Protein chains: 2
Amino acid sequence: MGKKRYVGVDLGGTSMMAVVANEKGKVLGESDSATDRSSPQATIDQIIAQIDGALADAKLKASKIEAIGVGAPGAADPKTGVIAKAPNLGWTDVPLGPILEDRYGVPVAIGNDVQVAILGEHAFGAAKGAKRAVGIWVGTGIGGGLIADGELERGARGAAGEIGHMVLDENGPVCGCGRKGCAEAYASRTSMERDVMLRIAAGRASVVPDIMKERQKTRMTSSVMKRALAANDEVMKEVVAAAQRYLGLLAGNVVNMYDPEVIVIGGGVAQRLGEEFVGPIRETARSRFLRPDPDERVRIVHAGLDDYSGALGASVLARRNA
Amino acid sequence: MGKKRYVGVDLGGTSMMAVVANEKGKVLGESDSATDRSSPQATIDQIIAQIDGALADAKLKASKIEAIGVGAPGAADPKTGVIAKAPNLGWTDVPLGPILEDRYGVPVAIGNDVQVAILGEHAFGAAKGAKRAVGIWVGTGIGGGLIADGELERGARGAAGEIGHMVLDENGPVCGCGRKGCAEAYASRTSMERDVMLRIAAGRASVVPDIMKERQKTRMTSSVMKRALAANDEVMKEVVAAAQRYLGLLAGNVVNMYDPEVIVIGGGVAQRLGEEFVGPIRETARSRFLRPDPDERVRIVHAGLDDYSGALGASVLARRNA
């Protein structure tokens, strides 16, 4: 008799995706959209439209799903389902959990977007089967998450996994968090964009502005980065190499402290560039391992579920909460 | 009838201590000695003398103990009890576990000295009752250990907890491990000694050489450090403040990644200087917390068992293995 099905929503500041998936992570239906941030209500209506779209795509009625999970760019209270703060959405105190529960009549679980994506990679992707894994997600910031005994580690205050805010040089650049020298201040996509623009402002030649113009991008997206690297742009090569160096130091720190089986590097840049991005990170990280690892037991790899880490992870969150 | 009793041995490169303790961490007998490193056999004979001494002090026959635990400055194979390498003892492939088992007829467990000390602090000291705790031990090097759900975390390869080798600046000083900029290269007692001697070599005035001469020390021990600080020695104050700064960054990294309830700072320097040492570390660490902690839920404290963290921790290891 029919397997159980779950809805997973990956809610981002720039785009969102809903999937209907079974327990094995098979996507039965999906729907995505750019995120309308004109008002919380507009965004919520859009989330509902994507869920309905994914259900339609899967040819399922809403009554056939067991639960809904959402990965959101902000902290939701696990008890109330209220998102207190999601700066990338412009949200304050939005009761997304109760709204979706009212509408669909199933349990709704909301988690942090990066931690949910890592849950997805652990259930179905690059960290599948690992008891001990760490995710490092490179995007606007650098997020992270720890998995021990196959479960997300929340820490004593629910604050574990903020790997992007480990300091790599206390005299380093100012981070989005206001402190200096965090890994995020060196190696997030935002920091790489800053470093490219600083070099251009200093008179260096680069194809980046042309690519952004041509593709009508106001930000240096990961696809812009990929094109610039393909065009052998020296500025981009330098900046990416520096970010890889810092991410390698960070991954080395994580291994020395936490000793995971696998580190999954995710987010847009890792997804677009794949091994080209992760290879040098791995090399630097391995040079920092205190305990030698000649058999390469510690894997450092890019995420394996392409655009689906977040939505499939949210379906896992849904299942755990059902 | 009668509680169970365990022997715990804290085996260090400069001194060793054996205790007989009950399950509650009460020391019933003890014996200690400077470590004779003239040969492995000499050291082993001495360990046996301390165990016998602690038993005599407790007025107990060897047949009345359940098990023996040892915290050793090197890695022992948990299955064979052989210490493959203990540089501070000059040992290679010493079967300490089997030797003690043959002699006393009880199970013998051998663990890493720092991790065993953290186990002691968790069972009876500053981390008592914590589900999630981290120890940072400042000595010749900087060791560490993680406790989750009340148990030592070994990691996927048994290599977790090497907090002293997190990089704080990749262009920093060379570490004992051969890499650059590890926390240990900034803030171990050895590194502090190097920094004091460099300042003196550069012509700065300091009472440290006089104190070392007067106390017949060839190393800048933690008692020398305490005296120099009490004498308001500017060089020592500078060097300790710099080490505290780096240990604070390190503790902040640990909190952002691992989110423990408590970080215990141990080792000779923390033990001698107490809150004078830990206070500034706490202040720097808290300035780096990504998740604000207005209620000071995360405690950063010095070890609570004085000289007994290691030996009592070894008695816990013994009990777990009995």
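**Entry 1: the two copies**

I laid chain A on chain B and got an RMSD of 0.0 Å, using a turn of 180 degrees and a shift of 0.0 Å along the axis. The two copies are therefore related as by a two-fold rotation axis. I note here that the model is predicted.

**Entry 2: where the chains meet**

I looked up which residues form the contact between the chains. Chain A supplies 31 residues and chain B supplies 31 residues. On the side of chain A that touches chain B, helix 8 (residues 234-258) of chain A gives the most, with 6 residues. I sorted that side of chain A by class and found 14 nonpolar, 6 polar and 11 charged residues. Of the interface residues of chain A, 100% are also interface residues in chain B, so the copies meet through the same surface.

**Entry 3: domains of chain A**

I then turned to a single chain. Chain A is divided into domain 1 (5-118 + 309-321) and domain 2 (127-304). The centres of domain 1 of chain A and domain 2 of chain A, taken over C-alpha atoms, are 26 Å apart. Their contact takes 5 residues from domain 1 of chain A and 11 residues from domain 2 of chain A. Helix 3 (residues 113-124) of chain A gives the most to the domain 1 side, with 4 residues. By class, this side of domain 1 of chain A has 3 nonpolar, 2 polar and no charged residues.

**Entry 4: helices 3 and 11 of chain B**

I looked at helix 3 (residues 113-124) of chain B and helix 11 (residues 309-321) of chain B, whose axes come within 7 Å and cross at roughly 85 degrees. Angles of 65 to 115 degrees count as roughly perpendicular, so helix 3 of chain B is roughly perpendicular to helix 11 of chain B. Among the residues that meet are Val116(B), Leu119(B) and Phe124(B) in helix 3 of chain B, and Leu312(B), Val316(B) and Leu317(B) in helix 11 of chain B. I counted the classes in this contact as 10 nonpolar, 4 polar and 2 charged.

**Entry 5: helices 5 and 8 of chain B**

Helix 5 (residues 189-201) of chain B packs with helix 8 (residues 234-258) of chain B at an angle of about 140 degrees, and their axes are 10 Å apart. That angle makes helix 5 of chain B oblique to helix 8 of chain B. The crossing of helix 5 of chain B with helix 8 of chain B is right-handed.

Methods
Residues numbered from 1 in each chain as written. Chains lettered and ligands numbered in written order. Predicted model: local features only at pLDDT ≥ 70, side-chain atom pairs only at ≥ 80, totals over all residues. Contact = placed C-beta atoms within 7 Å. Helix = DSSP H or I, 4+ residues; strand = E, 2+ residues; numbered from the N terminus. Nonpolar A, V, L, I, M, F, W, Y, C, P; charged D, E, K, R; others polar. Axes fitted to C-alpha atoms, helices over the stretch in contact; angles between N-to-C directions. Parallel < 35°, antiparallel > 145°, perpendicular 65-115°, else oblique. Left-handed = near helix turned anticlockwise from the far one by under 90°. Least-squares fit on C-alpha atoms with pLDDT ≥ 70 in both. Domains from an automatic or database assignment.
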